[in-house]
Amino acid sequence: MSSKSYPHRSPQRIAGKRRQSRHPDSSGRGRNGTERLVFQPDASLSLQRGINLIVDAIRPTLGHIARTVAVSQALDNKAPELLDKGGLIARRISDLPDRDADMGAMLLRQMLWQLYEDCGDGTATAAVIFQSIYNDGLKYIAAGGNAMRLRQRLGGCLDVVLGSLAEMKKPISGVEQLAQLAECICHDRELAEKLGEIFDFIGEHGQLDVRRGHTRAIERDYMKGMYWKRGAVSRAMLRGGVEPDRIVMNDAAILLSDLDIENAEDVLPLINMLMRAGAKSLLLVGEKFSESVINFILANKKPEEFRIVAVKTPGGTDEQRRAHLSDMAVITGAIPLFKAAGDTLSTSLSPPRQRRHMPPALGGSSDASRSDSRQVTYFGQAKQVWVERTMFGMVSEREDQGELTEHLADLLELVEYATDKDTEAFLRERIGKILGGAAILRIGDAVPTRMDSRIASAKETAKSLRRALRDGVMPGGGVALLACRTALERASDPSADSDARAAQRILLRALAEPIKTICHNAGFDSAKLAELQDQPRGYGVDARNGAIVDVLEAGIIDVASVTEAAIRGAVTSAALALTIDVLLHHAQPEETYRP
């Protein structure tokens, strides 16, 4: 295992410059520029110093009444960054001056950052549990215990704890519960109330777009249907609507494609066919539009008779564009045109590749119009389409929901088997669009830096609320972990070996560490914790006023999957760290952009 430096950012140093040994000694330390080995007991003590430095920096941020950590900025005359998220604080610490301690710090830092990326929360809880297990484990090993057997026994105790946590899970619903959970995460009552209201409306998969506001208040808008972050290719196409920079088209025809639309002559036959079929508007989706095509669309002198608006195909990659087109096809009943299949705009004038029913609103009353309408089967339809400068959306009410239900079931199955977090996030975004229900949260503030901080907090809190709707919640404030001590004590075996008994004692102490830290940060001493001994399960300390309460009724709750991930990551990582016997420093550490 080697220490690494991170040249891509200005390192946040604890003190001084890196210290290097000038002469070799018995521990294997060599001259500058040579590899160096560190053996026991120096190896464990060095790791412990780094771990304690990281945890002591994060510990003040745990709890509802949390303190912040100021991080100096790389640029001169810039205010320090104020952080209260353990993962971000750990990320800002790199390249400690003590290379031996730096290894322990980076070991813990990697675990915390991974937890933060996966869950967005739980890092401070994981940090204090990790520290408790590692420090107590070192004492046991120094007294003659075996590190490998201790690691195995800690894994067995972890299974008992996870089983106990699973019994505490409860579903969450309603504006009040969602707002309470949001406040536990972001510590911002106004923001929490808005997020609780929003997620009660959009649910787990609904779309939420967090933007900068234009006032000092926090505002939200709800939209029926679904939207994509692509706007009209020309602002001039949005003129003539009821609202500025926004056009609304009712019973619009839709042509979906990822084509490069270069010739205006290819667009004219489509317009003629749709007008004969009785359509009044067209949403044309393509990857690129030439200037001549845009000018041709803008040359329309009678938009009240037939309006056409062009938008670019959503998605940053070919795969994403195909995915979005397939979703829109299911929603609108259209058949997309793909470059990879050799399609062109003229393809839509030919018989379709597959049989589709024509949207009723595109059919006319005369025999001639019905004859033309049978050819318009590549086109889909939406009850309403709206287009703005940066996004477009649609409201569709298809009579045949079978295909839509089947498509949604396929996406839900793909989510279950997704191993990449980006892929999973993209799939959930697609599911949200299909299910409908969208909200825009506009966050305003008189201070720009505070506005940016609230926007980042809103996005992180939204992730946790989605997880809570999916995975449930459990008592917060460290109470759920404290309650697991009972199950762990019941699972003890009097005939077990010394390593098993030591693992149990170590984990029993670690499970109480989060609630101890929360009380300490709120200004309460250990006497407050003593009041919990005779209380029923589920009771804890309300850090806001020091009262002993049923934490679920008081609205002090945690996301179940975040708590499980925090205890799992802390126990397994600390147990692994206890088995490290030798540190190896490379002369020229490999550079990396990973945490």
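What share of the 595 residues in the chain is buried? Buried residues make up 53% of them. The model is predicted.

**Overall build**

The chain holds 19 helices and 19 strands. Its accessible surface comes to about 28300 Å². Carbon and sulfur atoms account for 48% of that surface. Among contacts with a separation of 6 or more, 76% join residues 24 or more positions apart.

α19 spans 560-577 and has 18 residues. From first C-alpha to last it reaches 26 Å, close to the 26 Å expected at 1.5 Å a residue. The helix is mostly covered, with 15 of its 18 residues buried.

The loop between α19 and β19 (583-585) carries Val 582. Together with Leu 37 and Phe 39, Val 582 makes a nonpolar surface patch of about 230 Å².

**Lys 339**

Lys 339 sits in the loop between α10 (318-332) and α11 (367-373). Leaving aside residues up to four places away in sequence, Lys 339 touches Asp 258, Leu 259, Asp 260 and Glu 287. Glu 287 is 52 residues away along the chain, yet the two C-alpha atoms are separated by 9.9 Å. Their side chains are joined by a polar contact of 2.9 Å.

| Residue | Relative accessibility | Class |
|---|---|---|
| Val 582 | 36% | partly exposed |
| Lys 339 | 39% | partly exposed |

Why does Val 582 count as partly exposed? Its relative accessibility is 36%, and the class runs between the 20% limit for buried and the 50% limit for exposed. Lys 339 is partly exposed because its value is 39%.

Conventions
Residues numbered from 1 in each chain as written. Predicted model: local features only at pLDDT ≥ 70, side-chain atom pairs only at ≥ 80, totals over all residues. Heavy atoms only, no water. Patch = residues over 30% accessible without salt bridge, like charges linked within 9 Å, V, L, I, M, F, W, Y side chains within 5 Å. Areas by Shrake-Rupley, 256 points an atom, 1.4 Å probe, with all protein chains shown as cover. Salt bridge = Lys/Arg side-chain N within 4 Å of Asp/Glu carboxyl O. Helix = DSSP H or I, 4+ residues; strand = E, 2+ residues; numbered from the N terminus. Buried < 20%, exposed > 50% of the residue type's maximum accessible area, 1.4 Å probe, protein only. Contact = heavy atoms within 4.5 Å. Expected span 1.5 Å × (residues − 1). Polar contact = N/O pair within 3.5 Å; in protein donor to acceptor, adjacent residues only side chain to side chain.
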